[in-house]
Amino acid sequence: MMRNSCGAALSSRLSGLAIRLLVVAWILAASGHAARAELAEVWLVAQAGQGGQPVSFQSSSPFSLRDVGAPGVPATQARATLFLPEQSAGPVPAVVMLHGASGVLSNREMTYGPQYAAMGVAALVIDVFGARRDSARGFAQRLIRITEAMSLADAFAGLRYLEERPEVDATRVALVGFSYGGMATTYAAHEMVSARYAPDGARFAAHVAYYAPCIATFVDARATGAPILFVSGGRDAIVDPERCVEVDAALQAGGAQVERISYPDGLHQWDGFFRGPRPIGRNLAPCRFQVEEDGAVTDLRTGLPMATPWLRIATLALCVGREGYLIGRDDDVRAQSNRDVARFLSPVLFPPRQGAASSGP
């Protein structure tokens, strides 16, 4: 009987040891997985805004790039929503998101935000219009009085804000923009722009521009060196393929790694509310602007500088196409763009550790 009792005790100890070994093995496997973390190809279905917290931080409102850092530029309290991963072993990477002309959308920025957080990436969704609503009410007024220079001011202010968050690794922050915000994201890939907003050398680690118009060229085409991904729809009339070839070539000549993907059936704003095709009345694609070395923006058709709201009205009125363009939600295109963005951002946000064994080709 004593032998049976001792045997049972030994068996119990062995079972307990086996369980502990299994737990240790699971932890080691989980740690190994974390070291090889990457964005998922198939993003989860998230409730819009879930887990986000409103935040604010100091920014400014320069009308043009030439005004950045100049005396008298109004100070602005930027508004944003921050999504943080629920659990992390250390500082996490992040994305800063810039909305388009329609503002922050629950179906777009406020859905991508919790999706990024669920994959271990902090997401800062900036509301450029919300911080300046008192000075510009209505769609047309926003486009005239709230400029891409102001969007960029908030983006770089957001980068400084994330630098102060202990949960975030500020060396792994990507800038992601949609349409109008995508155009600002493209601007930020130029060194002359980033140097104006961040003379201390802070830079975004990567840039992703969704369906961004290719309407501006830069006299100083030096790039920051961060990789940039453009995704757009083949049926999106606001994205001129020939002009985009020029933009891509200039960025590559300036030292950027550029990738552009076009989805043949995609319309503008495939991740928005409205199923297409839905017409929008004005098209920026015919406009041609040049950013001078001092940051001034010139309309190449008329030679007018976009230095004031009235000059901005005049140049846009003279260049926009009245035939408009089409928008339309497309869940298949969204799923494909998710996969492409995940593939592009994963090595930037989750770089392989030095000396880590490769898990594949």
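# A first look at this predicted chain

The protein chain has nine helices and 13 strands; helices (H or I, at least four residues) and strands (E, at least two) are DSSP runs, numbered from the N terminus. This is a predicted model, where local features need pLDDT of at least 70, side-chain atom pairs count only at pLDDT 80 or more, and totals for chains, interfaces and linings use all residues. Residues are numbered from 1 along each chain as its sequence is written, and side-chain values use heavy atoms, with hydrogens and water left out.

**The chain as a whole**

- Of the 361 residues in the protein chain, 49% count as buried, where buried means under 20% relative accessible area, exposed over 50% and partly exposed in between (1.4 Å probe, protein chains only).
- Take the contacts (heavy atoms within 4.5 Å) between residues at least 6 apart in sequence: 79% of them join residues at least 24 apart.
- The protein chain exposes about 17100 Å², and carbon and sulfur atoms supply 56% of that; the areas come from the Shrake-Rupley method with a 1.4 Å probe, and for residues only the protein chains shown count as cover.

**The eight-stranded sheet**

- Eight strands form an open sheet in the order β1-β2-β4-β3-β5-β6-β8-β9, with mixed pairing; two strands pair if DSSP finds at least two bridges between them.
- At the edges sit β1 (52-60) and β9, each pairing on one side only.
- From one strand to the next, the twist averages 20°; axes here are lines fitted to C-alpha atoms, for helices over the stretch in contact, and angles run from 0 to 180 degrees between N-to-C directions.
- Strand β5 (residues 168-178) pairs with β6 in the parallel sense over five bridges, and Ala-174 has Ala-206 in β6 as its bridge partner.
- Helix α4 (residues 148-163) packs on this sheet, touching β1, β2, β3, β4 and β5, and its direction makes about 115° with that of β1.
- Helix α5 (residues 180-188) packs on the sheet too, touching β3, β5, β6 and β8 (228-233), with its direction at about 130° to that of β5.

**Zooming in on β4**

- Five of the five residues of strand β4 (residues 122-126) are buried, so the strand is largely enclosed by the rest of the structure.
- In a regular strand, side chains alternate between the two faces of the sheet.
- Here, Ala-122, Leu-124 and Ile-126 point one way from β4, while Ala-123 and Val-125 point the other way.
- Strand β2 (residues 75-83) pairs with β4 in the antiparallel sense over four bridges, and Ala-80 has Ile-126 of β4 as its bridge partner.
- Strand β3 (residues 92-98) runs parallel to β4, joined by five bridges, with Val-96 opposite Leu-124.
- β3, helix α2 (residues 109-118) and β4 together make a right-handed β-α-β unit (with the strands pointing away from the viewer, the path from the first strand over the helix to the second runs clockwise).

**The three-stranded sheet**

- There's also an open sheet of three strands, in the order β7-β11-β12, with mixed pairing.
- β7 (216-218) and β12 (297-299) stand at the edges with a single partner strand each, so one side of each has no neighbour in the sheet.
- Neighbouring strands of this sheet are turned by 25° against each other on average, direction ignored.

**Two disulfides**

- A disulfide is a covalent bond between the sulfur atoms of two cysteines.
- Counting pairs of cysteine sulfur atoms within 2.5 Å, the total comes to two disulfides.
- Cys-214 is joined to Cys-244, with 2.1 Å from S to S, and at 95° about the S-S bond this link is right-handed.
- Cys-214 lies in the loop between β6 (206-210) and β7, and Cys-244 in helix α7 (residues 241-253), so the pair ties together parts that are 30 residues apart in sequence.
- Both Cys-214 and Cys-244 are buried.
- Cys-287 is joined to Cys-319, with 1.9 Å from S to S; this link is right-handed as well, with 75° about the S-S bond.
- Cys-287 lies in the loop between β10 (278-280) and β11, and Cys-319 in helix α8 (residues 309-319), so this pair ties together parts that are 32 residues apart in sequence.

- Gln-269 is in the loop between β9 (258-263) and β10, and it is buried, with a relative accessible area of 11%.
- Leaving aside neighbours within four places in sequence, the contacts of Gln-269 include Ser-102, Tyr-211 and Arg-329.
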